[in-house]
Structure formats: structure tokens, C-alpha cells
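Good morning, everyone. Please have a look at the sequence and the structure on the screen. I will talk about side chains and how they pair up.

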Amino acid sequence: MDNAQLLISGLANGCVYGLIALGFVLIYKATEAVNFAQGDFMMLGAFVTIGLTNTEYMGLPFWLALPLSLGIMGALGYLLDRLIIRRLFGESQTAVVILTIALGFVIRFAAGLIWGHEPQTLQNPLAGREVRFGGLVLGMEDVAVIVVTILLTWGLYVFFNRTKLGLGMQGASQNQLAAYYMGVPVKRVQGFIWALAGVVAGIAGILFAAKGAVDPTTGLLGIKAFAAAVIGGFGSLPGALTGGLIVGVIEPFASRYIAAGYSQIAPYALLLAVLIFRPNGLFSQVRVKKV
Amino acid sequence: MRIVFKTGYMQDIHPWKDRYQLVLYLILLTVVAAAPWWLDEFYLGELTNVLIWAIAGLGLMILTGHTGQVSLGHAAFLAFGCYANVALIEAGVPFLLAFPLAGILTGIAGVTVAIPALRLHGIYLAIFTMALSILMDDIIVLSEPITGGVAGKYVGGVEIFGYLVDRWGTPDQFFWLVLTVAVLVTLGYINLLRAPLGRSFIAVRDSEVSAQAMGIDIARTKMISFALSCAVTGWAGALMGLFAGAFNNETFSVLISIQLLMMIVIGGLGSIHGAFLGAIVIGFLPQFLSISKEYAGALFGGNTVAIPGLEFGIFGMILIAFILFEPMGIYGRWLKIRTWFELFPFYRKDMFKRQKSYLKTERLR
């Protein structure tokens, strides 16, 4: 029973990692850039929602604040692409990597200025309720996290593999010039995907803030989400979710069954192992180029 | 503009353009070497710090600037060099032997890391090295008998030719020690760039495919690049340890890795000047901020409270501005200004414009 409880709470944690990883993968899939600030985006999403909902700030009703903050996050993502990332069009990936790391610093600084450095939780209607299966106890927030993550992953997977826009995005990522010739509006696609990544980060942030406290350094969680994305194979949406779940489950089990000092290195050790033995991740996309 | 007429093939790879340039650098070196006489103790310490950062930057520059392998984990090698140096000194090895050995050991560690890393490209390598840097923190804690774990280590002065060299006791001597290492590393770097090895580094950076076509063994080149880069970084780490005096697992966190990479980007990727210019920015930014804060406080009425994260926030903004407006870094800007003066009426705006390129995936090769 104990193990099952660990597993369930690990899965719920893993879903948050999976959601951040989903943001990485979205951007990587469509623009071949990696947004190192995705974790900080999540933190920002959490704080925007807290700022709208919590009584000491604006105190809006939760179900009104929810779409509002997702809209804000989407707009931020779009603006980021429009104002900054788009200027790097055609430059090396390294430039984007360093830029997004710097952006993470700036976001952390700004969030600290606006909302302070104290940990805060989101006041949400799900707080305090729990579900019981047999002897297992699961908070309502955890259930929400799991359900939302699965739905979102499924939705995005269908979007990328079935719809015209999704396929166009994949094309744009593989060869920008060729995709442009084939009539894919590469720049618009890129703007859209950054907005989408902003929304996903917002969802992750809201779910995370509902589960526990956030402070400006929460964004560093993004590093663990990296591990998740790499383990799953950067560029595969179900892979990101699986990677997140693996990292999420490994953590509680490692801290329970391995000696104290060694437990926290488990996710990174796994990441290194995956990179060494399967450099493209467990769900790697090594198949024939379509474009 | 001074035009150098080349009359022999060797002039193409001469370390300096002409005697005039060499004299300029020698004057600069003399002025810097005389720093203990014209700087007070505090700023001498700062200058030493800048030089140590510059050595670390040179180390990373070999790998990132000249071989094109992005590393987000060089703090791990800084830590390795630092602890190796201290461990050797504690084992009774004299400093003059322990110090080079620390660098060589770090180089060997770098090769060990490079073997699995060779299969990784671009972003995966960055993440791999980042994970390494995070792991190093825990490895230091776990190998407590050597590293002192969370409590950390303390290192006093070291003895060179009977002189005690100590950061606090004899800052002048310590400064000269650091300067000597910096000059030696820089000279080695200049010569590396002239040698076939350095040229093959640049070839690998610019295009792996064409480098291979020209008969360069890519895996070997990357491995040597890793080894050299890590060795230099190890020396920087050893000096950093001596400079700090006391250090523990948090001294060389992943933030230092990121800071190091950002430093060489601000300075200018792929140039030796860039490492030094970036180090100056990193070294003096905190001082500059605190001075300007005081100034602003005096101007707007005594509000000099510390804002947490301000330094990194400003740092991030500077970096974003550089990547957007001056991808070649401070050194690139300096080149442009100099070219403008040299070519005065004939300078054109688009002279340094990058060629437009389109992205093709690296994912499915």
C-alpha cells in the first residue's frame, strides 16, 4: 500500500514535470529552439494566476481568473516571439539557448519585484478536498493535474499529427526555407507555437500553484523537466509526458530506498544514462525526414 | 590604416599583425603588471578576480568559441580543478607541481566526460553538461573525505620558491601569480590557434561535414578540445579556490556554469579578447551596480535597500541586448568602431552583416 501511495503521488508530481517538458517539446518540435526559460514561464503563470485570484491581490473568482491568466500567458509567449525570438531567425541555436537562459533570469527578477520572494499558494476551489480509492488518499489537485495533463498531451498529439497547421509546424521545424516554399507561413507558425507554449506553461503553473507553494525560484524546476524531456526524447509529446512521469516516480522512490545523499541525483543520473545509451531519448524520432 | 604587406607564408599565421601591435600589447601588459603600485588593495583583489574569470573564460572559449560545443557545465571542471589542487597540496605535493597536475587531472576528467558526450549535438550536449554540473554539487557532498562535503575546505597561502603567496597576506604576489598564469595560457592559446590543431577546431565549429571532408578526425578533435578546455578551466578553478580561501559544494554551482557561458558571449565568442572583455564585465558588474545604487540613492533620497536578484536581472537584460543587437559581443563592437575609424569615409553599414541562413533540422540526420 505504501508503495502504491508513493507511486500515485509521484505520478502527480511527474505530470507537472511532464507539462513543463511539453512546453519544451512544443517549441523544439516547431522551431528547433529550446526555451530554457520554460520553467520560469511556469512560475510566471502561477504568479499571474495568484495575482488575479488571491484575496490579497485582485481577488477575482477562480473560474474567471483561469482563462484570463492563460490568455495573458499566451499573449506573453506571442510577444516574446514577436519582439525577441523572431529577430534571431536563422541564427544558431546557441544564441536562442543563451537568450532564453538570460530571459529566465529577467523573469525571476521581475516576479521577485512584483510578488516578493515569499512562497505563496493559489487559493483554489479544489484545495483541501480529497479522493479515496481503497486505502489510497489522493488530493483533488493531484487528480486534476493527472487528468489535465493526459487530456492536453492527447490533444496536442492529435493536433500535431492530424491537423494541417500541426503538420505545417513540423515541416517548418525541419527545413524553414522548404516549408516556406510549400506555403507554410513560417513566421506566423512560430508566433503561434510560442503563444501555445506560454499557455501550456500557464496551465502547468496553475496546477503547480494549486498543489503547493511557489516562489520566484520555482522556475528552476525546469531543469528537472529538462531531464524529463530528454529522457522521453526531445520532440515527442507522449515522450515528454512519459519522461515526466519517470522522473516524478523515481524521486519519491529514490528518497525512500536509496541512502540520503544519493537520492536527489537519481533523475540526473538517469538523464546521463539515457543520453549516453540512447542519445535521442526513449521515444526518439529517428525516421526518414519528411521535408 | 596600417596595411601589412605579406611577403611570406609564415606571415599569414603570425601571432601578431606587426611590431606596432606587439608593442601595444607589451605596454598593456606592463601597465597591468604594475597594478599593485597604482591600485589600492580592494581594486587589486577585484582585478585578480577578473583575471581568474578570464582564464576560466579562455578555457570555455576553446570549447564553445572555437570548437562550437556549447557547455553549460564548466563549473564542474572549475570545482574539479580546485579540489584536485587542494587535495594535492594537502598530500604534501609542492604547489608548483600540484598546480599543473590539477589542470592535467581536470583535462583527463574532461576526456572521460567527452567520450560519451561525443555522440551528442548542440542542445543535447548543453543539457548533458548542465546535468553534469548539477551532479557535481552532490558528488562533492558525497565524497566528503576528500572534499570536506558541505562544511567545505579551507586553503591558506601556498609556497612558491620560498615565498608565501596568499590572497590576503600578500595580495601583490598573488596577483602576479594569477597574471603569470593568465599570460601563459593566453600565449598558449594564441599558438594553438596558429597550429593545425586550432585550425581544425575552427573547421569543426564551422562545418563538421566539410571538416570531415578535409580529413579531420572529428571525434578526436572534439576530444582534444574538451581536454584542453577542461585543463585550462581546472587551472582557473584552482586559482579560484586559492582566491576564495574557503569553498564548499555550493561555490561552483550550475549558476557559475551559466555565468561563464554568458560571460564569453558578452565578450565575444571566438576571440581571445572576448574572454578578457567578458571577464571585466562580470567582475565589475557588482561593483558598478552598488556604486550606481548609492548614486541613485543620493539622487532620489536615501533608498539604497538591496534588491534580491538584481544582479542577475541586470545581467540577463545586458545579455539579451547583446544577443539582439551585437551578436559578436563587446569585441565585435570594438572591431566595428576601429574599422570605422580606419576606413573613415568608406565604412559601410552592412560590412559586418551576417549572411541569412535558414534552419534545417538537426534532429533527423
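Start with Glu326(B) and Lys336(B). These two form a salt bridge, and their closest N and O atoms are 2.7 Å apart. Keep in mind that this is a predicted model. Where do the two partners lie? Glu326(B) sits in the loop between helix H14 (310-325) and helix H15 (329-342) of chain B. Lys336(B) is in helix H15 of chain B, so the bridge links parts that are ten residues apart in sequence. Buried or exposed, then, for Glu326(B)? Buried, with a relative accessible area of 5%. Lys336(B) is buried too, at 14% relative accessibility, because buried means under 20%. There is a third member here. Arg333(B) joins Glu326(B) and Lys336(B) in one network, through salt bridges that share partners.

Let's stay with charge for a moment. Side chains of opposite charge can pair when their charged atoms come close. How many salt bridges does the structure hold over all chains? Eight.

Here is another of them. Glu208(B) meets Lys222(B), side chain to side chain, at 3.2 Å from N to O. Glu208(B) belongs to helix H10 (residues 208-213) of chain B, and Lys222(B) to helix H11 (residues 218-244) of chain B. So this pair ties together parts that are 14 residues apart in sequence. Glu208(B) is partly exposed, at 26% relative accessible area. Lys222(B) is buried, at 4%.

Next, Asp206(B) and Arg205(B). Their side chains make a salt bridge of 3.1 Å, N to O. Asp206(B) counts as exposed, with 56% relative accessibility. Arg205(B) is partly exposed, at 32%.

Now to the rings. A pair of aromatic rings is described by the distance of the centres and the angle of the planes. The count comes to 15 aromatic pairs over all chains. I picked two.

The pair to begin with is Phe47(A) and Trp115(A). The ring centres are 5.3 Å apart and the planes are at 10°, so this pair is stacked. What does the pair tie together? Phe47(A) lies in helix H2 (residues 38-53) of chain A, and Trp115(A) in helix H4 (residues 93-115) of chain A, so the answer is parts that are 68 residues apart in sequence. Phe47(A) is buried, with a relative accessible area of 0%. Trp115(A) is buried as well, at 14%.

Then we have Phe42(B) and Tyr43(B). Here the centres are 5.1 Å apart, but the planes are at 80°, so the pair is edge-to-face. Phe42(B) is partly exposed, at 46% relative accessible area. Tyr43(B) is also partly exposed, at 32%.

Phe24(A), Phe36(A) and Phe226(A) form one aromatic cluster.

Phe36(A) takes us to the last topic, the nonpolar core. The largest core has 185 residues. Which residues have the most contacts inside it? They are Phe36(A), Phe234(A), Ile55(B) and Met262(B). Helix H3 (residues 41-66) of chain B gives the most to this core, with 14 residues. Apart from that core lies another one, of five residues, including Ala203(B), Val204(B), Ile216(B) and Ile218(B).

Finally, zoom in on Met262(B). Leaving out residues up to four places away in sequence, Met262(B) touches Ile98(A), Ile101(A), Ala102(A) and Phe105(A) in chain A, plus Phe315(B) and Leu319(B) in chain B. Thank you.

Technical notes:
Residues numbered from 1 in each chain as written. Chains lettered and ligands numbered in written order. Predicted model: local features only at pLDDT ≥ 70, side-chain atom pairs only at ≥ 80, totals over all residues. Heavy atoms only, no water. Core = buried A, V, L, I, M, F, W, Y, C linked by side-chain atoms within 4.5 Å. Buried < 20%, exposed > 50% of the residue type's maximum accessible area, 1.4 Å probe, protein only. Helix = DSSP H or I, 4+ residues; strand = E, 2+ residues; numbered from the N terminus. Contact = heavy atoms within 4.5 Å. Phe/Tyr/Trp six-rings, centres within 6.5 Å; stacked < 30°, edge-to-face > 60°. Salt bridge = Lys/Arg side-chain N within 4 Å of Asp/Glu carboxyl O.
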